[in-house]
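Subject: Structure handover and notes

Dear colleague,

I am handing over the structure we spoke about, and I would be glad if you could look through it alongside the notes below.

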Amino acid sequence: MSDRPRLLPLLGTPRHGSRDAMTCLYRCGNACDHPVPNTSDNAYFGDIVSAEVNRRGVLSAGAVGALVLGFGTAAGATGGSVPAAAAPAAAEVTGFRRPRPPAGTGALTFKPIPPNKLDTLVVPNGYDHSVVIRWGDPVVPGAPRFDLRNQTAAAQAKQFGYNNDFVGVLPLDRRGRRALLVVNHEYTNEDLMFPGFTSMDALTVEQLRVTMAAHGMSVVELERVDGTGQWRPVTQGRRPYNRRVTALATKFDLTGPAAGSAWLRTAADPKGRTVVGTLNNCAGGVTPWGTVLSGEENFNQYFVGGDAVPEEVKPKLARYGITTTARYPSGSRRWERADERFDLAKHPNEANRFGWIVEIDPFDPESRPRKHTALGRFKHEGANVIVARNGQVVAYMGDDERFDYLYKFVSDKKFMPGDSWVARKHNLTLLESGTLYVAKIEQTSAAEIDGSGKLPADGAFNGRGRWIRLVSGTRSYVDGMTAADVLTFTRLAADKVGATKMDRPEDVEASLLTGKVYVALTNNTDRGKPGKAPADEANPRNLNKHGQILELVEDRADSTAETFAWSLPIVAGDPTDPSTYFAGYDKTKVSPISCPDNVAFDAAGNLWISTDGNALGSNDGLFATPVEGPERGHLKQFLTVPVGAETCGPFITEDNRSVFVAVQHPGELTGASVEKPASTWPDGDYAKPGVVVAWRLDGGPIGS
């Protein structure tokens, strides 16, 4: 059968880890029902044993020099101030500046909220929140009023898209009164979008085009409300920056060594340099030069016809989760009915044009977004950039798949400080050429890991690691593969060099105060199953439902280094469970957390963690913990999202007075529909994904 069946209520219990079956179907095309794409025989952590490195030695490697903190969570510099995000026609454009951290010990002062299953967004006492924007709200001036029962692609292309994920907020003036909100729209759920939905085949071609327009990104001008931490969309005037980027019609330029290669050429684009649309945009980051990076993740589910491609191409497609044994994979979206380029039987290279890091310049609404091939192609959760001490920029990236890899990109060119157009024009080229690495990780206590989560005798889960070069510019370091091969089929290249298999590495971000890198490893319930890798020191539990946080410290405090130390400061779950760990902090004072997904930092350097698929049975939420000093590991829950939703983002503004989160897929529970919603957030009628901002009522800094 070519179509996805409507899910029945009796199937509503989670089938894939802790996610509901409906989320598995729409978000990733039932990826967990398919074989693990990584069939390489690369060593797992448990097979790699190095000389014992004592815990004190690992920690001493963390003495990191000062770095400049920019607006948001992904900007950095080597000294002084970071350049303004220059914008045409803008009277005032703020620079990226290092905020002054709040005075005190860095302790988080809010009272943690308890786990709950409420169909609302809950914040601590002393805080408030509001919905900034929701699915269907106008983005482009002149957008029609949203009409649930008469949706059109033309209207959706001017309205806020569906299932918002990454959130970035970039200042528009130096007084902190105006800003640009940039948001990813990862995927659609037709069950919850269209009244009377029965099947994909029953949708009209116009409705399919609506879903294509609901993917992509939105740029929305915001204004601060009465000098508080609250923000709202600007609804009057020109709003020249407001923009929708869609999977339907937006053109993207390809840059870097793979651009123009045979792998990226199609009948519609014989030069292989222009792609229509972006797919399944998950997390991202804000660059020091004022652009936004967006990761294309589960793009494989949009294609059909993999069974009809040439035989020599099938292993390459299969490594990316594309079905090559049947025309219609489980969870097919049937977009080929609206645009034949999604039929690989006719256009076998089209899939190769997705899975990249996208860069968009929100300050230049006429600019064409770009897909940077130099950063490799895989299921990108996102990318976050820091400026190394020598001026090169470094981007950290995770490949969100069971047993896939952690990557790093180091630019060839150096960041140019300053607010000039010359500097910005130069910096816009930084991600077009450089060296791409993949991580190989070693451990110190392999023999002691039994799958229970028990700490080794040295009192820490830790070890050493190194970055393996895959490609530098047009030079490949992988035998039998050209640079274009490596960048287009990065997973296969990483397999060849023996990269370390990991448990769904999602968001990866460096602290701009310490330079330490934090990786959200969400979960892997396959670990330890028959025929699958057992627990190891970096993944210390079999049947891992709750995930962990990896902390990585580059040697010599140099982000461009090729060796590093690592440890696990947090092994998630219920603190009463002996298999959990919170950097040695008193677990009776710690909030339960499950399935870390995205990370961010506030001005004080505290780590904020959002969750996806809470396996403890309560709603997903946002958490915060210091990562330095005596409060390290004291994790507190800051908010929870409504029933069925995932917490995405988060983003803390430069002044530390506002925290933005994306509430993704509220009410996404098996058996739910527009007529029978499982959630009525945020307006009391039917579920709508949206972006929320929370702030302190007394105007003080978030958290501390």
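Predicted model: local features only at pLDDT ≥ 70, side-chain atom pairs only at ≥ 80, totals over all residues.

I begin with helix H5, which covers residues 205-214 and in which Leu208, Val210, Thr211, Met212, Ala213 and Ala214 are buried. The buried residues of H5 pack against several elements, namely helix H3 (153-156), helix H4 (190-193) and the strands E7 (178-185), E8 (216-224) and E10 (243-245). After H5 comes Gly216, which has a positive phi, near 115°.

Turning to the sheet, six strands form an open arrangement with mixed pairing, in the order E12-E11-E16-E15-E14-E13. Its edges are strand E12 (274-276) and strand E13 (281-286), each of which pairs on one side only. On average, and with direction ignored, neighbouring strands of this sheet are turned by 30° against each other. Strand E13 pairs with strand E14 (residues 292-296) in the antiparallel sense over four bridges, and Val286 stands opposite Val292 in E14.

As for the cysteines, a disulfide is counted when two cysteine sulfur atoms lie within 2.5 Å, and by this rule the count comes to zero. Cys282 is in no disulfide, because the nearest cysteine sulfur, that of Cys648, is 6.7 Å away, beyond the 2.5 Å cut-off. Cys282 is buried, with a relative accessible area of 0%, and Cys595 also counts as buried at 0% relative accessibility.

A cis peptide bond, with omega about -15°, joins Gly649 and Pro650, and Pro650 is found in strand E34 (residues 646-652). The peptide bond from Trp681 to Pro682 is likewise cis, with omega near 5°, while Pro682 lies in the loop between strand E35 (658-664) and strand E36 (690-696).

Asp226 has a phi of about 50° and is found in the loop between E8 and strand E9 (231-233), where Asp226 is exposed, with a relative accessible area of 70%. Arg334 has a positive phi of about 65° and is placed in the loop between helix H6 (314-318) and strand E15 (357-360), but Arg334 is buried, with a relative accessible area of 7%.

Technical notes:
Residues numbered from 1 in each chain as written. Heavy atoms only, no water. Buried < 20%, exposed > 50% of the residue type's maximum accessible area, 1.4 Å probe, protein only. Helix = DSSP H or I, 4+ residues; strand = E, 2+ residues; numbered from the N terminus. Contact = heavy atoms within 4.5 Å. Pairing = 2+ DSSP bridges. Axes fitted to C-alpha atoms, helices over the stretch in contact; angles between N-to-C directions.
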